[in-house]
Amino acid sequence: MARAHRVAIYGSIFLVFYLLTLFAVVPIPILDPAVVSQLLPVIPWWLLVSFGAYSLASLGWGLFTFRDCPDAYHELLKEVNEAKNDLRGKGVTVD
C-alpha cells in the first residue's frame, strides 16, 4: 500500500471519529461536555496552524543547513552562473 493510501485511510478514520464526537454521537467520557463543546470546534484550526509551523520550521532548517551540502551548493551556484551567462548571451540584463 502506498504512503498516500495510508495517509488517506488514517485521515478519513480521524475525520469520521472527529465528526462523530463533534456532533455528540460518540461521547468523550474523560472530559466535561462543556469543555468538549468548546474544544472540538477549534481542533481543525489548531491542526492547520501546527502544520504551518512545522512546514516553516522544516523549510527554515533546510535553508539553515544548506551549506552543509557543499557539493549541492557548488552545483547550484554553477547552474545559477550558467543561467546568468545564457541570459546575458540573449541580451537580458542580469544583476
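## Exposure terms

A residue is partly exposed when its relative accessible area lies between the buried limit, under 20%, and the exposed limit, over 50%. Phe-14 has a relative accessible area of 44%, so Phe-14 is partly exposed. The model is predicted.

## Aromatic pairs

How many aromatic pairs are there? The count comes to 2. One of them joins Phe-14 and Tyr-18. Their ring centres are 6.4 Å apart and their planes meet at 20 degrees, so this pair is stacked. Phe-14 and Tyr-18 both sit in helix α1, residues 3-22. They are 4 residues apart there, which means about one helical turn separates them. Is Tyr-18 buried or exposed? Tyr-18 counts as buried because its relative accessibility is 10%.

Trp-61 and Phe-64 also form an aromatic pair. This pair is tilted, with 5.5 Å from centre to centre and 40 degrees between the planes. Both residues belong to helix α3, residues 43-64. They are 3 residues apart, so about one helical turn lies between Trp-61 and Phe-64. Trp-61 counts as exposed, at 55% relative accessibility. Phe-64 is exposed too, with a relative accessible area of 65%.

## A negative surface patch

Which residues form the negative surface patch? They are Asp-71, Glu-75, Glu-79 and Glu-82. Asp-71 is found in helix α4, which covers residues 70-89. The relative accessible area of Asp-71 is 66%, so Asp-71 is exposed.

Technical notes
Residues numbered from 1 in each chain as written. Predicted model: local features only at pLDDT ≥ 70, side-chain atom pairs only at ≥ 80, totals over all residues. Heavy atoms only, no water. Patch = residues over 30% accessible without salt bridge, like charges linked within 9 Å, V, L, I, M, F, W, Y side chains within 5 Å. Areas by Shrake-Rupley, 256 points an atom, 1.4 Å probe, with all protein chains shown as cover. Salt bridge = Lys/Arg side-chain N within 4 Å of Asp/Glu carboxyl O. Lys, Arg positive; Asp, Glu negative; His and termini not counted. Charge placed at Lys NZ, Arg CZ, Asp CG, Glu CD. Helix = DSSP H or I, 4+ residues; strand = E, 2+ residues; numbered from the N terminus. Buried < 20%, exposed > 50% of the residue type's maximum accessible area, 1.4 Å probe, protein only. Phe/Tyr/Trp six-rings, centres within 6.5 Å; stacked < 30°, edge-to-face > 60°.
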